[in-house]
Amino acid sequence: MARAHGARSQAAFAFESTYGTPPANGFTKIPFATCNLGAVQGLLDNELLGYGRDPLDPTQDVINVDGDIAVPVDARFFGLWLKAFFGAPVTTGTEPEFTHVFKTGSWSLPSVALEIGLPDVPSFAMNAGIRANEMSISMTRGGQLTAGLSLIGQSETLETTAQSGTLAIKDLLRFGQFHGYVNREGAALAAVTGATVRYSNGLERIETIRADGLIEAVDPGMAAMTGQLVTRFDSTTLLSQAISGDPCSLEFGWARPGASLKFEIHEVYLPRPKRELSGPQGVQASFDWQAALNAAEGCMATVTLANDVETY
């Protein structure tokens, strides 16, 4: 019997037209670094007495489908995940240059079918009714650029053959950490040594009583966009803003020839931080920022992806 290996695994991604029902075709093979998405069904201890010290049979509990996946932040595949998080974009441009604009606050979020395949066993797990809950991207001076995504689904079906059919294949066009930049009020923000951007859809499981133990749906709740700026303390610009309580705009982006991605966060508030002195080395200040609705823009943030993909 063959044993499963991560190097042989594959993930197939498609949007559903009906929640919880995987489409018959239209799947795309997507890159990923790690994944623990799947169904979990716990056991309930038997609390009954009168049969001695050894317990009676446990009872199966409800089924929960959720997990995390780490994916590369790239110019082509990442647009699929952006659509899952923010809804369908507004796309403009002509071949081979297209611009896709996503905005926070949409009430209409698509659901996804994601099949995780281990062909050596063989075992193919079709996870259906998936909605994207949380995203986290960390920026550093160097290294690989990945996004950690938290997902909530409805069901998982195990088969010995792939149910995703013939997969669409795209070439990976990846952004690196060295492609990144941080702007404040349209100008480069100096002395940033690290940054994090986090987004949450605040998803809520609709836990109705069903004979199959599955949830009914996953609904969007209150969104949140937060993060962190770690800076060398070389000026009082951010500290003064934190003390005054005034907002600013921040832009976190990556650009390479032929492609770019930027998160424009229109109204950002900064807390007042400590400046810790821990030795003779340079002094750093960390700002755990949070965003709010900007009335002029009508949203909290705008995400713009420029690439050669015609539509998502």
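This is a predicted model: local features need pLDDT of at least 70, side-chain atom pairs count only at pLDDT 80 or more; totals for chains, interfaces and linings use all residues.

Residues are numbered from 1 along each chain as its sequence is written, and side-chain values use heavy atoms, with hydrogens and water left out.

Q: How many residues of strand E9 are buried?
A: Strands are DSSP runs (E, at least two residues; helices are H or I, at least four), numbered from the N terminus. Buried means under 20% relative accessible area, exposed over 50%, and partly exposed in between, with a 1.4 Å probe and protein chains only. E9 spans residues 123-139 and is mostly covered, its buried residues numbering 13 of 17.

Q: Which residue in E9 stands opposite Ile-116?
A: Two strands pair if DSSP finds at least two bridges between them. E8 (residues 112-118) pairs with E9 in the antiparallel sense over six bridges, and a hairpin of four residues joins them. Opposite Ile-116 stands Ala-125.

Q: Which residue in E11 stands opposite Asn-127?
A: E11 covers residues 155-159 and pairs with E9 in the antiparallel sense over five bridges. Facing Asn-127 there is Glu-156.

Q: Which residue takes a positive phi in the hairpin of E9 and E10?
A: E10 (residues 146-153) pairs with E9 in the antiparallel sense over six bridges, and Ala-132 stands opposite Leu-151. The hairpin has six residues between the strands, and the one with a positive phi near 105° is Gly-143.
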